[in-house]
Amino acid sequence: MVKRAIKNSGLSGGESNIINENGKRLNDLDNKEGIKRIKTKSLYRQPTANELNRLQETENLFNSNLFRLQIEEILQEVKIKDKTVNRIKEWFSDFKTHLLSIPEDETEYDLSEKSFAKQLNVKLPISKEHNKTKVMFKFYKFTDVEIVGSYPLGCSINSKLIVDLQIAVPAETYTKNDSINYKYHKKRAAYIAYIASYLTQTDIIEELKYSFLNGCETKPSIDIKPSGKLGNHLAMRLNLVCDAEAYKLHRFSPTRNNLRESWLYSTENQENVSEIGPPTPYYNSSVMCDLTASYNQDFLKEILMNSENLKQAVVLLKIWIKQHDLQVSGYVISMLIAYLVQSKRINNIMSSYQIVRNVWIALKSSEWDSKGISLNKDQKTPSIEEFHQHFPIVFVDKTGYYNICWQMCKGTYCALKRESALAIEILDNGKINGFIPLFMTPATDLLQFDNILRFDSFPEVKENVLSRVPKQTRMNYGLDHLSLVTDTLYNLISKGLSNRVDLIQEIVEANFSWPVKTTLEKAKKEGYKENLMFGFILNENSMNIVDRGPPANRPEAEEFREFWGDKSELRRFQDGSITEACVWQEGPVLPQILQYLLLQKYGVPAARLRHVGGELAALDAEGEPGPRTRAVLAAFDGLRAQLRELGQLPLDVTAVHGISPVFSYCEPFPAAAGRGLRRGDVTLLADGGAYTPVNRAVLELTYSGKWPGDLEAFRCLKAAFHLQIAERLKKQYSLPTQAYDSHVDVLKNGLVFRLQIAHPKEITLLRRQVEGGVVKFKESAESVELERETVALPRLRGALHGLQRRHPGFGATARLLRRWLASHLLAPHFAPELCALLAAAATQRAGGARAGAERAALLRALRLLADTDWPRDVLLLDLGDGLAEEEMADIERRLRAQSPRPSMCVWAAGADAGAGPPGAVLRRARGLARAALQHVRAGGDVLEVFVPSLRGYDALVRLRARGWRRGGAGAAEAADGEGFIPVVEFDPVQKYLDELRSAYDDFAVFFYDEYGGDVIAVLWKPDIDEPREFQTLNANALMPVTINGETKYKVNIEAILEDFRILGEGLVIEVSQPTE
């Protein structure tokens, strides 16, 4: 048999290894260094059955192979380590042994006396309001301690892990009458204190505190920090539940009353009170959750325990809820998955991705606020309609008596539905990797909501609400005042704002724990802070100044007048109808409505309210971008029609495209209509006059093959067209015009438009080069710039204009981002198109941008700028939703492969956004964006992020304040001179900057706020201090120095600074170098 030589990819230098007739490798004497060989045979073998099955599963069960890999990676990342699991087992064994050693106690205690707490040496975790009723307590020892919740089910995540421990209180502890007037809760608190007193005697616990279970003040629990290393990774929470035999469940059905009015409103002990008041479903649920806890835990265990995919789905949903800051417990999510399994909408054969997707679809289409769901199929239990009469959200457990969502506000449920709908949209969008926004991007209230309502002194607001709330509502909530205030204010605000918002979500901040040896009242005085906020997502009706009510002759009109009070009035509308209406002032309407309602209904003064979200509206309105942009577009539409109707031209105008930022609502200071000053044949510039911009547009002519093939001849012919277009506009429409070789300036409605003929042949001629008699076509800087102006920009401006029509808040986002960059002197280094595309990307990722939500939109754009890994990532935008996934993938591959790679790779509408800013400028912009976000999250004023920092610059050029800055009020008006084109684009500071860059670009980088800055910041380039060789071509600004006996040349910084002052004479106040 012939011996074959097989190349081994693991060896270098092309060495080969010989195998013998038996297929075995000969002794490898030359591999003494132990080089690891790769079995090349395995690289080309056929896939195994397992690999084929995995590929088939990925295709059928997951969004993509990448999505599957990311899911597996995050599940592995959040999995609790085996070492931690073993430590938990060991600690829990000791903990259980210690608790079960508690001796029996036959003593009966009077809980209205202080002797019980003194004997235990710990305090009872209840407020003094529970002292109204005399309760006798006897400790009946429990039989077991269990680990419950997500940990034993395998659904926990290792981030801030809390392991739930549970003790079932024996039924003998409670009597029949303990169900009323918080007797049950008081005995439960005494039982917890009794256990806490024994837990203070063991050394396996480092710290022991009380806390409120799910924020309910009447349901305390014990927070335990284990001693040793285990306490650094997790905490334990000990909760008490009630033996199911203690009470019949129907005793706490939604229609039953278990809290007496005389007890709640009395300050003295009330015994043997027999009156029955209105239903108290909220109070009943606080007891019912203890009675049904063990039953529901066993039900969950039956559903989830043997299904790994279901458990993984629970983990993924818990990560999603945490990242999107939804105030929904993992218990509700687990029960929802159990419900979907029971109703056969999901099963354990599905992948975790399919289960999560089906859960989102179920939530998106759910109606728990009107058509609740139930895990119980027994007809003898209370009906769903009965639950809906007393709870805003209904999800009934397996027993049929307990509403799992009894503490869920409707705003939380609406937010859950909305986020589920957005998640489905992200999954269905194959053009993006949905894993990142769904599971990896944390959301904050400042980025989630367009507007936020805060209370400066919430305790006072709370007292105002409690003093005016109806007795029946107060009876339902009992002593849980925070939930009462939250739901009451939510109902008021949602009714008042009605169709102005898409979402109102309450944000409750009331996490509190205190030492077991401290009373609740004392702990509240020392460090308890509860707060309430409301977040709003606006819609297109948010700025309406009229709330139109029902007709005056309808019964609903009386209800409308009762709700709005003096604000309601009869008005006649253009359609002839006469209805009740509320009229508000121009400007942000939401603050007006909230201030009026809270003052009218609950006596909360406007000074106690703080509205977050509209602070940037005034800043954006400085340049009057709305009315001015609409005026420009109206004038442009008229000019476009006139151009297309021009006669006696060799070629007709077929299309006119605007390319200035104003045509996509992205210009912070659009041009204002005005008239130029004129003396004789000379156009004058008024001293201190405003900067007058031009609105640029490109013209397309009908096709002709007679354009010359020589570049100079082509441009001469184009100049002739400019002259003829100017002449025809003047003769045919009496428009003032001025023709130039490269463009035509036209005055229309007091606005100057600069028109330029675009033809693809000019780009081709600019690419044409002759080398050695051979014609070659290569890109040049001039051809790239012309193609950008005449091909890419028209397409991009059209796409951005369409985005503005769909999302009215996009323009404000782009303008504010441009203003923010300019305020930090960075705008000249970021092209206007790049700013617009960053704003567009932030708008698309947020699901749109609403008018009146400028603050949130800007912060989203800053987070995009700060968090994107620009050296590696590519930002692709499909503004018109017209690209297929394959096209997007091909574009991304092409952009990643380009060389040299721009500092910011952004692509949209068939073109990229250019080279981007220099690397150092981009790093500073990202650093400033992070600092701005941090400042706002810490509660700082958002307007302060527009204040520039001049630290770190090498020189500062102070300028005189003059009226021609771009932030001016528009072109100057004059009594005479009508019909003349004013001086346009005259900015002395920009001219001065152009001179500085032309002369000193090799030595420095210049920064300036083009919208009204009074300083030019200078940063020397890194090689400014290095010695240089003397050459005639670059001898500028050099001075001789002696180094090691040799004459070298260094940059004369002092002379350059003096040149700055001389060149800017009359404009520059001083040139200084910071001392730091």
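This is a predicted model: local features need pLDDT of at least 70, side-chain atom pairs count only at pLDDT 80 or more; totals for chains, interfaces and linings use all residues.
I'll start with the division of the chain. The assignment gives domain 1 (2–41), domain 2 (81–247), domain 3 (276–441), domain 4 (445–545), domain 5 (807–948) and domain 6 (987–1072).

The interface I want to show is that of domain 2 and domain 4. Their C-alpha centres are 29 Å apart. On the domain 2 side 22 residues make contact, and they meet 19 residues of domain 4. The two domains bury about 1,800 Å² between them, and 61% of that area is on carbon and sulfur atoms. Which residues of domain 2 lose the most area to domain 4? They are Y210, F212 and E217, which together account for 32% of what the domain 2 side buries.

Now the polar part. Five residue pairs are in polar contact between domain 2 and domain 4, counting pairs with both residues at pLDDT 80 or more. By the rule used here, one salt bridge crosses this interface. E217 also forms a salt bridge with K524, with 3.1 Å between the closest N and O atoms. As for secondary structure, β7 (205–213) and β8 (216–226) are the elements that give two or more residues to the side of domain 2 touching domain 4. Of these, β7 gives the most, with five residues.

One of interest for sequence separation is R357 with D428, where the closest N and O atoms are 2.7 Å apart. R357 sits in helix α13 (residues 352–364) and D428 in helix α15 (residues 410–428), so to speak distant parts of the chain, 71 residues apart.

Next, the sheets. Strands of a sheet pair through backbone hydrogen bonds, in either the parallel or the antiparallel sense.

The three-stranded one is open, with the order β16-β18-β17 and antiparallel pairing. From one strand to the next the twist averages 45 degrees. Within this sheet, β17 (residues 569–572) and β18 (residues 578–583) pair antiparallel over four bridges. E569 is opposite A581 of β18, and L570 is opposite E580. The two strands make a hairpin with five residues between them, and G576 in the turn has a positive phi of about 90 degrees. Helix α22 (residues 556–564) lies across β16 and β18, at about 145 degrees to β16.

The other sheet has five strands, is also open, and runs β20-β23-β26-β25-β24 with mixed pairing. Neighbouring strands here are turned by 25 degrees against each other on average, ignoring direction.

Inside that sheet, β23 (residues 695–701) pairs with β26 (residues 751–757) in the parallel sense over five bridges. A697 has L755 of β26 as its bridge partner. Two helices pack here. Helix α25 (residues 625–644) lies across β20, β23, β25 (744–748) and β26, at about 45 degrees to β26. Helix α26 (residues 711–733) touches β23, β24, β25 and β26, and its direction makes about 145 degrees with that of β26.

That is the tour; I can take questions.

Technical notes
Residues are numbered from 1 along each chain as its sequence is written. Side-chain values use heavy atoms; hydrogens and water are left out. Two strands pair if DSSP finds at least two bridges between them. Axes are lines fitted to C-alpha atoms, for helices over the stretch in contact, and angles run from 0 to 180 degrees between N-to-C directions. Contact means heavy atoms within 4.5 Å. Domain bounds come from an automatic or database domain assignment. Buried area is the accessible area (1.4 Å probe) that two parts lose on being put together, summed over both. A salt bridge is a side-chain nitrogen of Lys or Arg within 4 Å of a carboxyl oxygen of Asp or Glu. A polar contact is a pair of N or O atoms within 3.5 Å; within protein, one must be able to donate a hydrogen and the other to accept it, and residues adjacent in sequence count only if both atoms are side-chain atoms.
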